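Notebook open, structure loaded. I want to go through a hairpin, a helix pair and a pocket, in that order.

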Amino acid sequence: MAKNKFHDGPGPSQRQLRVGELIRRSLSEVLARGDVHDPELNRMSVTVGEVRTSPDLKIATAYVLPLGGEGRDEIVALLARNKGELRRMIGKKLALKYAPDLRFRLDTTFDQMDETRRLFNQDAVQRDLDEGQDDGDQDSSAQSDADQGGG
């Protein structure tokens, strides 16, 4: 297999990002319109936060979350149950050589953001941040004194 000379980094390639975004938009559109023939899935509003694809674009992992956060446990199971129909619809919408195998995971990005906010609001962290800003002010004033004396 030839090495991709345009992508050496550890992250996804530009093609993976582009195809992942196309799949995300198509999947969101299909779910919003209620095109799937499953009344349980159609009664739920689903947010598709991100779609990550494998390097060969044959596997697409969609990170989903029900709107409002209710029904987290059942949304992944409902989507997995209807993945054949979703795959067929996305394959029709996108002109890819292979329709990717869809996998669904719960999107925990919002939970991670809440946890980060909680950590930043702790008194010890706020104190450390305030001390870091004070040190930065002293360093910049010392630098400006040195600049004035040397000029």
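Started with the hairpin of β1 and β2: I count five residues between the strands, and Leu57 there takes a positive phi near 65°. I'm keeping in mind that this is a predicted model.

Next I checked how the strands pair. β1 and β2 (residues 59–66) run antiparallel, with seven bridges between them. I looked up Val48 and found Val64 of β2 as its bridge partner.

Then the helices. How far apart are the axes of α1 and α4, and at what angle do they pack? I get 10 Å between the axes and an angle of about 120° for α1 against α4 (residues 83–93). Angles of 65 to 115 count as roughly perpendicular and those over 145 as roughly antiparallel, so I put α1 down as oblique to α4. I also noted the hand of the α1 and α4 crossing: right-handed.

Last stop, the second largest pocket. Its volume comes out at about 160 Å³. Which elements give two or more residues to its lining? They are α1 (14–33) and β1 (46–53). I see the largest share coming from α1, with five residues. Going through the lining, I wrote down Pro12, Gln16, Leu17, Gly20, Glu21, Arg24, Glu50, Val51, Arg52 and Thr53. By type, I sorted the lining into four charged, three polar and three nonpolar residues.

To tie the entries together: β1 pairs with β2, and β1 also gives residues to the pocket lining. α1 packs with α4 and lines that pocket too.

How values were computed: Residues are numbered from 1 along each chain as its sequence is written. This is a predicted model: local features need pLDDT of at least 70, side-chain atom pairs count only at pLDDT 80 or more; totals for chains, interfaces and linings use all residues. Side-chain values use heavy atoms; hydrogens and water are left out. On a 1 Å grid over the protein atoms alone, a cavity is a set of points where a 1.4 Å probe fits but cannot get out, and a pocket is an open set with protein on both sides within 12 Å along at least five of seven lines; lining residues have an atom within 4 Å of a point. Grid points are joined across faces, edges and corners, and a volume is the space filled by probe spheres set on the points. Helices (H or I, at least four residues) and strands (E, at least two) are DSSP runs, numbered from the N terminus. Ala, Val, Leu, Ile, Met, Phe, Trp, Tyr, Cys and Pro count as nonpolar, Asp, Glu, Lys and Arg as charged, and the others, Gly among them, as polar. Two strands pair if DSSP finds at least two bridges between them. Axes are lines fitted to C-alpha atoms, for helices over the stretch in contact, and angles run from 0 to 180 degrees between N-to-C directions. Angles under 35 degrees count as roughly parallel, over 145 as roughly antiparallel, 65 to 115 as roughly perpendicular and the rest as oblique. A crossing is left-handed if the near helix is turned anticlockwise from the far one by less than a right angle, and right-handed if clockwise.
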